[in-house]
Amino acid sequence: MTNRDRHPAFLPLILLGGVIFGFGLGFSQMARPEVVLAFLQFADFGLPFVMFGAAIVTGIAFAVLPRIADAAPLTGDPFERRLKSFDRNVLVGGAIFGVGWGLSGICPGAAYASLGIGNVTILWAIAGMFLGAYLQGWWRSRPSSGDASAR
Amino acid sequence: MSIASMIVDPALLQVFADPFPNGLSRYVVGGLLVGLGATVIYVGTGIAAGASTFLESTLSYVSDQSRFKRYVASRGWRLVFTFGIVLGAALFAATVQSGLITTSLYQSGSTGRLYELGGVTLWLTEVQPWRLFLGGILVGIGTRVGKGCTSGHGVCGVGSASKTSIAGVITFLLVAIVTAQVVAALGVSP
């Protein structure tokens, strides 16, 4: 896992995947906070088709690949479901994220894509996200926090 | 006046009469591309990529907090993934958004403000900076405490039928809908 960057095609493939991902976020207009807010305010019901359309594609890959191949060619890592454990944090964090998403209409991937379509104003949101991620990291890194859960 | 409009709020009725004022195809095509991007990475590397870990992994370059140090091994490729997202969206702006490529699958809509730079049509949001900044802070806290965002939970997690991710998605979708409705009801716009 620590040597993932070794295969010469590893980073180019990550870049290619990111480019397709970002192009899709632009095409779906999820990179525009107004369009996300239009869904949350029930003015345009397109957003679920983006999220679930994408989940169907990844769902097929996650279901098929472990059956036809043992390991990923560029990392040697097995194709397995690495499921995140459920605890109270999933709901607490999800609710905090929901308030932020509902207030701003922006989530991390869409914010990066928004910068790509020329929306420099989104730097406010990206700066906020780094600040928020730093605050929770600082809080949870305290020796007394006792939080050892991964991710 | 019909019976239906007497019982149901007319504004609500109008919304449901046209649930997709900008068509459905841009959402479906865009979503399939987002899924394809995540799949390309998964096929080659076995990684189910999410966008929000980038925040903490990048902070590990400038902070020694233990929460961030756990992402030192992955911070390099996460930086490349995020750069790819920005680049892909810029490619979209230079082609489809600029009208260089036209397709009936894409309706441009009328949100925000368009401007030209070097022959490329770019776009600016009209959502107020304080909403973006404050919302961003909460998104930064929430995605990391909640173990994922719309890509990690919403796309990859739902795609792998993870109960944790489905619980996360239902939670943030419902809370976001209530928040956005309350914000709109308070007269905050855009």
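Biologist: Which residues of chain B does UniProt list for "transmembrane region"?

Modeller: The unreviewed UniProt entry lists residues 27–55, 76–96 and 166–188 of chain B under that heading. UniProt positions are given in the numbering used here, feature names are shortened, and annotations may be inferred rather than shown by experiment.

Biologist: And what am I looking at, numbering and all?

Modeller: This is a predicted model, where local features need pLDDT of at least 70 and side-chain atom pairs count only at pLDDT 80 or more, while totals for chains, interfaces and linings use all residues. Residues are numbered from 1 along each chain as its sequence is written, and chains are lettered from A and ligands numbered from 1 in the order in which they are written.

Biologist: How much helix and strand is there in residues 76–96 of chain B?

Modeller: That span is 100% helix and 0% strand, with its end C-alpha atoms 30 Å apart. Residues 166–188 of chain B come out at 87% helix and 0% strand, with 30 Å between the end C-alpha atoms. Helices (H or I, at least four residues) and strands (E, at least two) are DSSP runs, numbered from the N terminus.

Biologist: What's the secondary structure of chain B overall?

Modeller: Chain B has nine helices and two strands, running α-α-α-α-α-α-β-β-α-α-α from the N terminus. Its C-alpha trace spans about 65 × 40 × 35 Å along the principal axes.

Biologist: How many residues of chain A are in contact with chain B?

Modeller: 111 residues of chain A are in contact with 115 residues of chain B; contact means C-beta atoms, placed from the backbone, within 7 Å. The largest share of chain A's side, 17 residues, comes from helix 1 of chain A. By class, that side has 67 nonpolar, 33 polar and 11 charged residues. Ala, Val, Leu, Ile, Met, Phe, Trp, Tyr, Cys and Pro count as nonpolar, Asp, Glu, Lys and Arg as charged, and the others, Gly among them, as polar.

Biologist: At what angle does helix 1 of chain A pack with helix 3 of chain B?

Modeller: About 170 degrees, with the axes 7 Å apart. Axes are lines fitted to C-alpha atoms, for helices over the stretch in contact, and angles run from 0 to 180 degrees between N-to-C directions. So helix 1 of chain A is roughly antiparallel to helix 3 of chain B, a label for angles over 145 degrees. The residues of this contact divide into 16 nonpolar, eight polar and one charged.

Biologist: New topic: is Gln29(A) buried or exposed?

Modeller: Gln29(A) counts as buried because it has 32 C-beta neighbours inside 10 Å. The cut-offs are 20 or more other C-beta atoms within 10 Å for buried, 12 or fewer for exposed, and partly exposed in between, with C-beta atoms placed from the backbone. Gln29(A) sits in the loop between helix 1 and helix 2 of chain A, and has a positive phi of about 65 degrees without being a glycine.

Biologist: And where is Ala161(B)?

Modeller: In the loop between helix 8 and helix 9 of chain B. Ala161(B) isn't a glycine but has a positive phi of about 55 degrees. With 14 C-beta neighbours inside 10 Å, Ala161(B) counts as partly exposed.

Biologist: Which residues does the cis peptide bond join?

Modeller: Ser189(B) and Pro190(B), with omega about 0 degrees. Pro190(B) is in the segment after helix 9 of chain B.

Methods
Contact = placed C-beta atoms within 7 Å. Parallel < 35°, antiparallel > 145°, perpendicular 65-115°, else oblique.
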